[in-house]
Amino acid sequence: MLNPKIQFLGAAGTVTGSRFLLSCGETKVMVDAGLFQGLKELRLKNWNPLSINPAEIDAVILTHAHLDHCGYLPRLVKDGFKGKIHSTKYTAALADVILRDSARIQTEDAKYAAKKGFSKHDPPLPLYVEADAARAISLFVNEPFHRRIQVAEQTFVTFYPSGHILGSAFVEVEFFGKRLLFTGDMGRPKHPLLISPDLVPEGHFDAIITESTYGDREHVPATTEFQDAINRTIDRGGSVLIPAFAVDRTEVILIELRELMETGKIRRVPIYADSPMALKALYFYRQAIDESSPEIRAEVSRNWKGRDPFNPGTLVELVTVDESKTVNNPTSPCIIISASGMGTGGRVVHHLRDMLTNPLHSVVLVGYQALGTRGRRLVDGEPEVKMHGVMVPVRAEIEQIPSFSVHADADELIAWLSTTSSPPGQVLVVHGEAGAADVFSNRIQSQLGWRSHAPFDGEAVEL
């Protein structure tokens, strides 16, 4: 008798590196293939070989295009994976951008480390190169929402909108007679652009695999902190640096800045969007609005079709490196939005290096900051942070604004899970920092009365 099982190869005991392997007999299907980010001991795990040969994996199901869910795909392909990668249309489009950018950054960082000699490796090597990313991208197959598709032997998947970022989905997977639900990253009911997550599909699930990024807390209501931080900084002659995830967070921040400027709540100053990846993502969001994509709220497409909801009239898009350098260490008030959102790489690192030492400036963090990242160190009040092998003193004002999160919090996740038509066989809680997953698992048991467990890294669970 064949016993289907799931093995947790990432995002167990940590919030990054989502990789879940379904196996039964000779059939192997992976749900998400993300990079570990944050703490050095986590990042080093990206170099560890998988517990199985990637060539044995029949297919990958991808929930969305964030790096901690898709960023390992080029390495998987480099190491022998040749199957199809199933995702929604806009997940494939955004992953194309993100994976190429990731390969480019890793290659550039390796070259920079070799040039400056601050790596312990000789020579420093990237995890993968752009050719690997291109091969991974060639394996994508675009799938529609709400349609049951076979991806491997006795394996079927259905994608449902999750409202987290453009293209994001939670997925129903039927695997050798077992019915599973993977939340991916669950969005919130009030995203300014995207529709609310679909309800849980009808019927019994043998297992629900749920994220728990904010499993031990609730989001604070929106306040005036964001505009207050901007006004304080501009009033003293400084500039605001906003490290923002290139996909979705940049769009959400630009919407908010436009509304604040149009209502006179902040002054009209130049807004510099300084991330090639964010600018490419902006193109797809504009396209989705213009084509009235079913992922976009109807009123957004109705009101903004053919217009730009992201530009208050002061937006400047910086494409090239030379254009980016024009806003290094700004001398007159402006707002710079740059990736990455946790300050781990990309152009924002150069802006942080230049701006952190100046008490006139502010760094406003608007997203989740994983353990071990520069963003987390700034939030935790560390007096200096390391960039390009040099410790940089922190003299700028640091603000964290949690209200922009597009991750469901604990209450929102419980409310969503409660829409199931019958209790699942078990709940497996992942994608949370150590502690958060356990807290959320315990809450599921006590509040919903369901069997729940937060698996450890590498654990295999029979379905």
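Me: Of which classes are the residues in the lining of the largest cavity?

Reply: By class, that lining holds four nonpolar, six polar and one charged residues. Here Ala, Val, Leu, Ile, Met, Phe, Trp, Tyr, Cys and Pro count as nonpolar, Asp, Glu, Lys and Arg as charged, and the others, Gly among them, as polar. The model is predicted: local features need pLDDT of at least 70 and side-chain atom pairs pLDDT 80 or more, while totals for chains, interfaces and linings use all residues. Residues are numbered from 1 along each chain as its sequence is written, and side-chain values use heavy atoms, without hydrogens and water.

Me: How many cavities of 30 Å³ or more are there?

Reply: Rolling a probe the size of a water molecule over the atoms shows where empty space is left. On a 1 Å grid over the protein atoms alone, a cavity is a set of points where a 1.4 Å probe fits but cannot get out; a pocket is an open set with protein on both sides within 12 Å along at least five of seven lines; lining residues have an atom within 4 Å of a point. Points are joined across faces, edges and corners, and a volume is the space filled by probe spheres set on them. The count is three cavities, and the largest has a volume of about 50 Å³.

Me: Which strand gives the most to the lining of the largest cavity?

Reply: Strand β11 (residues 207–211) does, with three residues; strands (E, at least two residues) and helices (H or I, at least four) are DSSP runs, numbered from the N terminus. The lining includes Ile-209, Thr-210 and Glu-211.

Me: What is the volume of the second largest pocket?

Reply: Its volume is about 590 Å³. Helix α7 gives the most to its lining, with five residues.
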